[in-house]
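Thanks for coming, everyone. I'd like to walk you through one model this morning. Please have the sequence and the structure open.

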Amino acid sequence: MGCIILICYDSAGLIIAAATIGTINSKLLTPEEKYELITRNLQEVLGEEEILNILKERDLKLYWGTAPTGKPHIGYFVPMSKIADFLSAGVEVTVLLADIHAFLDNMKAPLELVKYRTKYYEVLIKSVLESIGVPIEKLKFVIGSTYQLSSEYSMDNYRLCATVTEHDAKKAGAEVVKQVDSPLLSGLLYPGLQALDEEYLKVDAQFGGVDQRKIFVFAEKYLPHLGYKKRAHLMNPMVPGLAGSKMSSSDPDSKIDLLDDEVAVTRKLKKAFCEEGNVTDNGVLSFIKSVLFPLGTLNGQTPKFVINRPEKFGGQVIYTDYQSLEDDFRDKKVHPGDLKIAATNSINKLLDPVRKKWASDPELSKLTSQAYPEPGSKITKKKESKKHNQPPKASNTPTELPVDVSRIDVRVAKILKAENHPKNAKSYVSTVDVGDASGNPRTVVSGLAAHIPLEELQGRYVVAVCNLKPAKLQGIESQAMLLAASSPDGSRIELLDPPTESDVGEHVVWKGYGSAKRDAEVLNPKHKVFDQVAEWLRVNDEGVALYKDIPFETSKGVVTVKTLREGTIR
């Protein structure tokens with residue numbers, strides 16, 4: 001039996017609820033109809049003929065696995081929608097929570113955390129499935145360690161190791177296993193274990209992202225060497241990140257977590273790459289294509305993506321197919337700002353049921369803190385004490401330091417002069433005194449022209465981040481960043497105001513954290529330290545700037561904004 005899902009919309013055309021309204025008997029479908037349902041919206045299928053042959057005799061058995069490492073992101077809705085298709089086609093679906101794989105993938109999840117993250121993934125995945133109407137009683141959840149630690153599995157692993165070449169093992173994991181300068185042996189074992197899972201879960205096929213294609217081909221080649229049959233493989237297209245590249249659980253700015261609040265979703269969509277008219281390298285547009293439209297087509301439903309805008313800019317427009325939206329964006333009939341707002345609203349509506357479930361259950365909040373403890377917690381310190389088991393690193397490297405606000409050099413600064421950017425009407429170029437020992441001011445480029453009049457910047461005291469790597473912006477090197485608060489919808493931006501009589505160059509601090517010293521590291525943009533810290537920067541309902549719930553402070557008091565309330569800081 002499979003499910004029929006009703007997608008409900010509010011007056012603006014946004015998804016507000018999903019509910020199972022009935023069932024269909026998959027036995028009434030022909031093998032060809034089942035195959036069509038199983039394979040729709042996939043990027044590639046290996047073993048099509050074998051799948052059809054099985055469907056002519058019985059229902060297909062399939063598994064989808066996920067390793068509980070970083071927090072699951074909204075891209076998980078894509079495999080969840082396919083699981084709904086599988087169930088409708090009568091497929092026997094197993095969800096593998098691959099805890100051993102998570103540990104082996106270059107220590108992304110230490111053993112102390114794996115058990116909590118495994119439970120976190122299970123509950124969150126079930127919540128997502130329930131939110132889109134998938135009946136989870138039809139699914140089988142299996143934790144990898146329940147069979148992967150058996151003597152039989154271990155012996156098969158040794159047999160595989162005696163057959164597989166180092167070259168093939170490394171090649172198979174290249175797109176999935178985290179690549180580092182000093183790789184661990186565990187990364188070479190990972191593909192073989194994933195291949196063995198197909199045999200031990202007794203399935204006909206494995207489902208995953210197209211980034212796992214090399215592991216799938218590896219499994220097809222080597223399982224027969226052990227006397228096991230070759231399985232079929234079904235692959236989803238990869239969900240792009242908000243910057244246009246692959247969405248990653250380890251990159252906070254590339255993805256939207258399933259439990260991100262509305263403010264976080266708004267902030268991430270605001271900063272996402274979305275160049276006007278660009279349809280080939282556009283994170284927001286690709287996300288709408290890969291996530292929102294496929295979800296809208298579950299069980300034959302018609303997707304509905306609504307852009308609301310003033311009549312003078314074209315008024316409301318409703319898209320029921322992705323290509324029409326892409327064509328209009330390419331022809332500049334849809335502005336990036338309008339696209340981002342519509343995507344933000346749709347995503348927040350989609351995430352609401354999951355967020356509400358988490359907010360209503362204190363045990364789930366406790367599980368979150370156990371699975372992803374804050375830096376400095378007992379379990380994090382315990383992990384740090386075991387670094388002798390990891391490859392040696394140079395001392396005091398950024399990866400050994402905490403990822404919190406103590407890494408950021410934030411100071412009181414004064415704008416000496418501000419001018420319009422010669423190449424970009426939306427930006428200003430300011431000469432800013434940040435209190436450097438040299439006495440020399442810094443050049444700062446800021447995109448504030450649409451929000452703050454130029455005259456208001458002259459001689460103004462501000463708050464600046466001073467240890468970011470200098471970067472050229474429209475041809476001018478920017479040597480610091482001015483911190484500003486933004487309203488949730490992005491319509492208002494205000495610079496942070498240090499307390500009156502604060503000294504230029506004085507550090508902004510946070511109780512319990514402090515602030516980076518003047519001679520501290522220049523943050524490597526590849527490590528995204530500031531981006532991770534910025535996830536916790538906000539303005540409260542009193543206009544006070546906060547890191548988590550701790551105020552920005554100088555010796556003269558707290559940092560504030562003039563009028564904005566409940567916003568994000570960047």
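This is a predicted model: local features need pLDDT of at least 70, side-chain atom pairs count only at pLDDT 80 or more; totals for chains, interfaces and linings use all residues.

Residues are numbered from 1 along each chain as its sequence is written, and side-chain values use heavy atoms, with hydrogens and water left out.

Back to the strands. β11 covers residues 410-420 and β14 covers residues 461-465; the two run antiparallel, joined by five bridges. Strands here are DSSP runs of E, at least two residues; helices are runs of H or I, at least four; both are numbered from the N terminus. Two strands count as paired if DSSP finds at least two bridges between them.

β11 has another partner. Strand β12, residues 428-433, is antiparallel to β11, with six bridges. There, Asn420 sits opposite Tyr428. As a reminder, side chains in a regular strand alternate between the two faces of the sheet.

Tyr428 comes up again with Ser446. Ser446 belongs to strand β13, residues 442-446. Which residues does Ser446 contact, leaving aside neighbours within four places in sequence? They are Lys426, Ser427, Tyr428 and Leu482. Contact means heavy atoms within 4.5 Å. Ser446 counts as buried because its relative accessible area is 9%. The cut-offs: buried is under 20% relative accessible area, exposed is over 50%, partly exposed is in between, with a 1.4 Å probe and protein chains only.

Now the chain end. Arg570 is in the segment after β25, which spans 567-569. Buried or partly exposed? Arg570 is partly exposed, because its relative accessible area is 21%. Arg570 and Leu483 are 87 residues apart in sequence, yet 5.4 Å apart in space, C-alpha to C-alpha.

Next, a helix. α3 has 12 residues and reaches 17 Å from first C-alpha to last, close to the 16 Å expected at 1.5 Å a residue. That expected span is 1.5 Å times one less than the number of residues. How many of its residues are buried? 12 of 12, so α3 is mostly covered. After α3 comes Gly90, with a positive phi near 80°.

Look at Ser81, within α3, residues 77-88. Ser81 is buried, since its relative accessible area is 6%. A polar atom of its side chain lies 2.7 Å from the backbone oxygen of Val78. Beyond residues up to four places away in sequence, Ser81 touches Ile132, Leu295 and Leu298.

On to the cores. A nonpolar core is a set of buried Ala, Val, Leu, Ile, Met, Phe, Trp, Tyr and Cys residues joined through side-chain atoms within 4.5 Å. The largest has 77 residues; Phe77, Ile83, Phe305 and Leu339 touch the most other members. A second, separate core has 27 residues, including Leu160, Val164, Ala172 and Val176. Take Phe305: apart from neighbours within four places in sequence, its contacts include Ile288, Leu292, Tyr319, Leu339 and Ser346.

Finally, the whole chain. There are 17 helices and 25 strands. Of the 570 residues, 52% are buried. Among contacts with a separation of 6 or more, 71% join residues 24 or more positions apart. The chain exposes about 25900 Å², and carbon and sulfur atoms supply 52% of that. Accessible areas come from the Shrake-Rupley method with a 1.4 Å probe; for residues, only the protein chains shown count as cover.

Key:
A polar contact is a pair of N or O atoms within 3.5 Å; within protein, one must be able to donate a hydrogen and the other to accept it, and residues adjacent in sequence count only if both atoms are side-chain atoms.
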